[in-house]
Amino acid sequence: MSELVTWQSKMHEAMKLFVDQTVGLQDEVHTDETPLRFVRAMEEYTSGYREDAAAALQKSFEDSCGQDEMVHIYNIPIASMCAHHCAPIIGRAHFAYIPKNRVLGLSKIPRFIDVLSRRLQIQEKLCTEITGCFMQATGVTDCAVEIIAYHCCMMMRGVRTHASTTVTSSLKGAFRINQMTRNEFFSRRQELTL
Ligand SMILES: [Zn+2]
């Protein structure tokens, strides 16, 4: 086991106190290692802060076929953490862009979205970070993302709305100003569900 850094030690202590006070000795077998597991899980949930999302987009290919139509990737998994409650946000993203001379390796798109997701997020901000990061890293001006997600902080606390999903989007360039491009993006995802 690698050594815990300061914040991890303090979190470990706090979780140990929480487990001792709430669970006591009732469920020791399952909760003995819980404080350490919790610290390690938090480290993984926030690993996106230690990675450069734009770096995942560096590799692109010269577009020899003159591709200038929309490239659309559906159902990119989103596993993030709500910045307000540190509770999971689980959903899917639909991303599209219009290439300019070069096309990206398709696997790079889920990869950079995953880096941005593994941070404390609110869904609206995650959308604008995805389009902002993509445009900055690639020079592309036309891109769009839509995220459909469950927020565990809404499902498990407060209003406890088990069935609600939250839908947010960020539209840039032609996706914002051209009605046909916008319609193409949204019409393709109408059949999609979480
Ligand atoms: Zn929340």
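Ile 109 lies in helix H4, which covers residues 108–117. The model is predicted. Ile 109 counts as buried because it has 23 C-beta neighbours inside 10 Å, the cut-off for burial being 20 or more. The model also contains an open sheet of five strands with mixed pairing.

**Surroundings of Ile 109**
- Beyond its neighbours within four places in sequence, Ile 109 is in contact with Ile 73, Ile 76, Phe 95 and Leu 104.
- Ile 109 and Cys 133 are 24 residues apart along the chain, and their C-alpha atoms are separated by 11 Å.

**Sheet layout**
- The strand order is E5-E2-E3-E6-E7.
- E5 and strand E7 (166–172) stand at the edges with a single partner strand each, so one side of each is left without a neighbour in the sheet.
- Helix H5 (residues 123–138) lies across E2, E3, E5, strand E6 (143–151) and E7, and runs at about 25 degrees to E7.

**Pairing of E2 with E3**
- Nine bridges join strand E2 (residues 71–82) and strand E3 (residues 88–97) in the antiparallel sense.
- Pro 77 stands opposite Arg 92 in E3, and Ser 80 stands opposite Ile 89 in E3.
- The hairpin of E2 and E3 has five residues between the strands, and in this hairpin Cys 86 takes a positive phi near 55 degrees.

**Pairing of E2 with E5**
- E2 pairs with strand E5 (residues 120–121) in the parallel sense over two bridges.
- Cys 82 has Gln 121 in E5 as its bridge partner.

Key:
Residues are numbered from 1 along each chain as its sequence is written. This is a predicted model: local features need pLDDT of at least 70, side-chain atom pairs count only at pLDDT 80 or more; totals for chains, interfaces and linings use all residues. Helices (H or I, at least four residues) and strands (E, at least two) are DSSP runs, numbered from the N terminus. A residue is buried if 20 or more other C-beta atoms lie within 10 Å of its own, exposed if 12 or fewer, and partly exposed in between; C-beta atoms are placed from the backbone. Two residues are in contact if their C-beta atoms, placed from the backbone, lie within 7 Å. Two strands pair if DSSP finds at least two bridges between them. Axes are lines fitted to C-alpha atoms, for helices over the stretch in contact, and angles run from 0 to 180 degrees between N-to-C directions.
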